[in-house]
Amino acid sequence: MAPSPVRIGALASGNGSNLQAIVDQCDSGAIPGKVVLVLSDKRNAGALQRAADHGIPHRFIDPGLFSDRGMYDTNLVEELLKAKVDLVVLAGYMRLVSDQFVDTFPNRVMNIHPSLLPAFPGLHVQRQALEHGARFSGCTVHFVDKGLDTGPIIQQAVVPILPDDTVETLSKRILREEHR
Ligand code: GRF
């Protein structure tokens, strides 16, 4: 009997193209998993629409309703546990997760980050890479620990930075590798 697919819960804040890549690769069998829940901190996140289009349960959880990140994350954790997820993926999720969140899913939270970590953690990383005059950047999939983009690296891809790159052109080139 085939093993049951890994139940994936995704957190996403944006357009959701990484979520789309994960869903597509689950559908094709390239990822032995199934996205069972999508949660977002942004009401109008494209990721929620993509989830709807694929019939995946999804929910906007408003950070404005909670006094701090811990309370917010407690809510996320409840939803993810209810959905019995085996793995949490941060797919363009633009908030830090709390220590309690990480403790609930030890070594079971993965993030995709648009730089070659440990270079350029945090936000606006394509701009940082350009401003430093880096010749190469890329993306990193890593396990999430309690630091900012510090967890063990799972996979990376290198992307060249071209002389006339802008934040937009570089982000687009990196995003193609993120999807892979
Ligand atoms: C990606 O570059 C991701 O690495 C970063 O934000 C972007 C989100 O893209 N954290 P999308 O929402 O998956 O299209």
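**Cores and a helix pair in a predicted model**

Of the 20 residues in the largest nonpolar core, those that touch the most other members are Leu11, Leu76, Leu80, Val88, Phe101 and Phe105; a nonpolar core here is a set of buried Ala, Val, Leu, Ile, Met, Phe, Trp, Tyr and Cys residues joined through side-chain atoms within 4.5 Å, where buried means under 20% relative accessible area with a 1.4 Å probe, protein chains only. At least two residues of this core are supplied by each of strand E2 (33–40), helix H3 (69–82), strand E4 (87–90) and helix H4 (99–104), and H3 gives the largest share, four residues. Helices (H or I, at least four residues) and strands (E, at least two) are DSSP runs, numbered from the N terminus.

This is a predicted model, in which local features need pLDDT of at least 70 and side-chain atom pairs count only at pLDDT 80 or more, whereas totals for chains, interfaces and linings use all residues. Residues are numbered from 1 along each chain as its sequence is written, and side-chain values use heavy atoms, with hydrogens and water left out.

Leu80 touches Gly9, Leu11, Leu37, Leu39, Val85, Val88, Phe101 and Phe105, not counting residues up to four places away in sequence, contact meaning heavy atoms within 4.5 Å. A second, separate core has 17 residues, among them Leu19, Ile22, Val23 and Ala51.

Turning to a helix pair, H1 (residues 17–28) and H6 (residues 167–179) pack with their axes 9 Å apart and at an angle of about 30°, the axes being lines fitted to C-alpha atoms over the stretch in contact and the angles running from 0 to 180 degrees between N-to-C directions. H1 is therefore roughly parallel to H6, a term for angles under 35 degrees. The contact is made by Ser17, Asn18, Ala21 and Gln25 of H1 together with Leu175, Glu178 and His179 of H6.

Methods. Parallel < 35°, antiparallel > 145°, perpendicular 65-115°, else oblique. Buried < 20%, exposed > 50% of the residue type's maximum accessible area, 1.4 Å probe, protein only.
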